[in-house]
Amino acid sequence: MAKKSAGTPATALLSAEKVAYELHPYEVSPDAPNYGALVAAALGVDPHRLFKTLITDVDGELTVAVVPVTGDLDLKALAAAVGGKRATLADRAAAERSSGYVRGGISPLGQRRRLPTVIDDSALDLDQMVISAGRRGLQVSLKPADLVRLTAATVAAIRS
């Protein structure tokens with residue numbers, strides 16, 4: 001179990017909930033093309049285990065989507081998963097404001113405002129998944145079931 005000194009709301013939540021996790025620091029520019037693949041390479045992890053967190057707008061409500069970096073988010077599938085009709089990616093400023101994190105460091109855990117969350121069903125095929133720890137240059141690995149529980153997520157096929 002990692003120390004509380006890791007210092008993000010995401011890691012503080014994991015520690016408070018006594019969830020086993022491991023931190024993985026890396027150095028990749030958030031403006032680099034193919035960012036997810038570069039992060040996976042820097043960490044030496046299978047890109048299918050690395051997930052990105054996207055803040056979306058589903059029928060006017062902000063929603064979190066967690067999908068593998070190897071694919072894209074299927075906006076229609078996301079909307080359907082939460083009972084909505086239309087989904088778009090949220091404005092960057094709205095995403096940062098609601099989550100309390102900056103682009104390239106948005107974690108589905110420890111967000112300023114708890115939002116409905118949908119995790120791609122491919123995560124359940126893994127023993128460990130890797131997500132943002134809430135800061136650029138820091139990822140965290142944990143069991144998918146722990147992420148689902150802590151975010152009260154819906155699990156659905158939302159990748160394309």
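Which elements each supply at least two residues of the lining of the largest pocket? I looked this up before anything else. They are α2 (35-43), β2 (51-58) and α4 (92-99). I take helices (H or I, at least four residues) and strands (E, at least two) as DSSP runs, numbered from the N terminus.

**Ground rules.** I am working with a predicted model, where local features need pLDDT of at least 70, side-chain atom pairs count only at pLDDT 80 or more, and totals for chains, interfaces and linings use all residues. Residues are numbered from 1 along each chain as its sequence is written, and side-chain values use heavy atoms, with hydrogens and water left out.

**Confidence.** I checked pLDDT, the predictor's confidence in each residue, from 0 to 100. The chain averages 93, and 96% of the residues score at least 70. Residues 1-5 stay under 50. For this stretch I find 9 contacts beyond four places in sequence (contact means heavy atoms within 4.5 Å).

I note the terms here. On a 1 Å grid over the protein atoms alone, a pocket is an open set of points where a 1.4 Å probe fits, with protein on both sides within 12 Å along at least five of seven lines. Lining residues have an atom within 4 Å of a point. The volume is the space filled by probe spheres set on the points, which are joined across faces, edges and corners.

The largest pocket holds about 640 Å³ of space. I count 28 lining residues, and Y35, K52, T53, L54 and G104 lie nearest the centre. β2 gives the largest share of the lining, 5 residues. By class, I read 16 nonpolar, 8 polar and 4 charged residues. Here Ala, Val, Leu, Ile, Met, Phe, Trp, Tyr, Cys and Pro count as nonpolar, Asp, Glu, Lys and Arg as charged, and the others, Gly among them, as polar.

**The sheet that holds β2.** I followed β2 next. An open sheet of 5 strands runs β4-β2-β3-β5-β8, with mixed pairing (two strands pair if DSSP finds at least two bridges between them). Why is one side of β4 and of β8 (154-156) left without a neighbour in the sheet? Both stand at the edges, so each has a single partner strand. The twist averages 35° from one strand to the next (axes are lines fitted to C-alpha atoms, and angles run from 0 to 180 degrees between N-to-C directions).

Then I went through the pairs.
- β2 and β3 (residues 61-68) run antiparallel, joined by 8 bridges. T56 has T63 as its bridge partner in β3.
- These two strands form a hairpin with 2 residues between them. In the turn, D59 has a positive phi of about 50°.
- β2 pairs with β4 (residues 87-89) in the antiparallel sense over 3 bridges. D57 stands opposite T88.
- β3 and β5 (residues 117-120) run parallel, with 3 bridges. V64 stands opposite T117.

**The other sheet.** I also traced an open sheet of 3 strands, in the order β1-β7-β6, with antiparallel pairing. β1 (22-25) and β6 (129-135) stand at the edges, so one side of each has no neighbour in the sheet. β1 and β7 (residues 138-142) pair over 4 bridges. L23 stands opposite V140 in β7.
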